[in-house]
Amino acid sequence: MAPGFPQRIICLTTETVELAYALGAGDRVVGVTGYATRPPEARQKPRVAAFTTANIERISDLRPDLVITFSDLQREIVRDLLARGMNVLALNQRSLEDTFRSICMLGGVLGLADNAEAVVASMQRGFERVRLAAAELPRRPRVLFEEWNDPLITGIRWVSEIVDLAGGDDIFAELAEEQSARGRIVDVNVARERDPELVLASWCGRKFIPDRVRTRPGWQDVSAVRAGRLIEVKSPDILSPGPSLVLGAQQVHNAIRSTLGMALVAFD
């Protein structure tokens with residue numbers, strides 16, 4: 001490896017951990033977010049942060065030459081790290097294309113550009129398999145994706161894109177371009193009026209409780225509630241913008257097939 005590339009990396013979000021390992025730099029990771037789950041060996045690394053909070057002293061003690069963060073929600077952590085003289089790569093992807101570019105950017109920073117291109121190509125192949133399966137659907141059901149329940153927040157742009165490529169119609173697609181979660185807060189009554197046939201939920205790591213959807217005032221007549229189509233997609237599979245998004249897309253597609261009464265697809 002050419003000199004100068006980071007050798008001691010700290011990853012403060014789940015997808016940056018997953019990406020570091022996918023790129024072949026797992027041995028360089030010296031600290032991770034407490035939410036890290038993939039790959040399993042990452043859980044053995046020192047845990048130094050939640051999502052919006054971090055132990056700056058512990059991070060400093062690990063002597064990183066690069067700390068990788070994600071989103072404007074970690075801006076205060078970034079500020080504190082920079083104040084301590086640390087190098088920070090702050091990624092801020094919002095779409096699938098942004099995600100591909102961020103992977104290539106990280107690969108370049110780590111001296112693993114070829115590996116990054118391979119990871120992106122693998123993801124694109126996975127999404128294409130989902131897209132081809134979606135082409136078989138007789139129609140596109142109305143889908144509500146819940147990123148949070150109180151207040152009700154719909155999916156970020158890459159989630160809306162996944163719902164689309166998986167064969168559904170995101171009932172709040174017009175909000176997908178909003179940069180912040182605040183811009184994606186919706187009135188539960190408006191959501192009810194749009195009558196989703198399928199509700200997908202990933203409450204930012206909080207356990208999904210279908211009864212909280214069923215018992216919303218007036219929701220007993222919503223198509224998804226009447227049919228019992230209230231399905232959780234685990235946050236690591238849909239809210240972490242990295243390779244696991246392919247798994248999320250597969251789950252979304254099969255939830256849509258189930259809504260239409262079709263046999264599920266066994267993806268490779």
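This report walks through some helices, their packing and the cores of the structure above.

## Before you start

This is a predicted model, where local features need pLDDT of at least 70 and side-chain atom pairs count only at pLDDT 80 or more, while totals for chains, interfaces and linings use all residues. Residues are numbered from 1 along each chain as its sequence is written, and side-chain values use heavy atoms, with hydrogens and water left out.

Helices (H or I, at least four residues) and strands (E, at least two) are DSSP runs, numbered from the N terminus.

## Helix H1 and what follows

Let's begin with H1, residues 14–22. Eight of its nine residues are buried, so H1 is largely enclosed by the rest of the structure. Buried here means under 20% relative accessible area, exposed means over 50%, and partly exposed is in between (1.4 Å probe, protein chains only). The buried residues of H1 are Thr14, Glu15, Thr16, Val17, Glu18, Leu19, Ala20 and Tyr21. Their cover includes strands E1 (9–11), E2 (29–33), E4 (66–70) and E5 (88–91), along with helix H4.

After H1 comes Gly24, with a positive phi near 95 degrees. Asp27 sits in the loop between H1 and E2, and it counts as exposed because its relative accessibility is 69%. Asp27 and Ile9 are 18 residues apart in sequence, and their C-alpha atoms are 9.2 Å apart in space.

## H4 against H5

Next up is a helix pair. H4 (residues 96–109) packs against H5 (residues 113–134) at an angle of about 160 degrees, and their axes are 7 Å apart. Axes are lines fitted to C-alpha atoms, for helices over the stretch in contact, and angles run from 0 to 180 degrees between N-to-C directions. H4 and H5 are therefore roughly antiparallel to each other. On this scale, angles under 35 degrees count as roughly parallel, over 145 as roughly antiparallel, 65 to 115 as roughly perpendicular and the rest as oblique.

On the H4 side, the contact (heavy atoms within 4.5 Å) is made by Leu96, Thr99, Phe100, Ile103, Cys104, Gly107 and Gly108, and on the H5 side by Ala113, Ala116, Val119, Val120, Met123, Gln124 and Phe127. That gives ten nonpolar residues, four polar and no charged. Ala, Val, Leu, Ile, Met, Phe, Trp, Tyr, Cys and Pro count as nonpolar, Asp, Glu, Lys and Arg as charged, and the others, Gly among them, as polar.

Helix H6 spans residues 157–165 and includes Ser160. Ser160 counts as buried because its relative accessibility is 10%. Leaving out residues up to four places away in sequence, Ser160 touches Asp170, Ala173 and Ala176. Just after H6, Gly167 has a positive phi of about 110 degrees.

H6 also packs with H11 (residues 245–259), at an angle of about 50 degrees and with axes 9 Å apart. The two helices are therefore oblique to each other. Here Trp158, Ile162, Val163 and Leu165 of H6 meet Leu245, Ala249, Val252 and Ile256 of H11. The contact has eight nonpolar residues, no polar and no charged.

## The cores

A nonpolar core is a set of buried Ala, Val, Leu, Ile, Met, Phe, Trp, Tyr and Cys residues joined through side-chain atoms within 4.5 Å. The largest one has 54 residues, and Phe127, Ile162 and Val252 have the most contacts inside it. H5 gives the most to this core, with eight residues. Apart from it lies another core of 17 residues, including Phe172, Val186, Val199 and Trp219.
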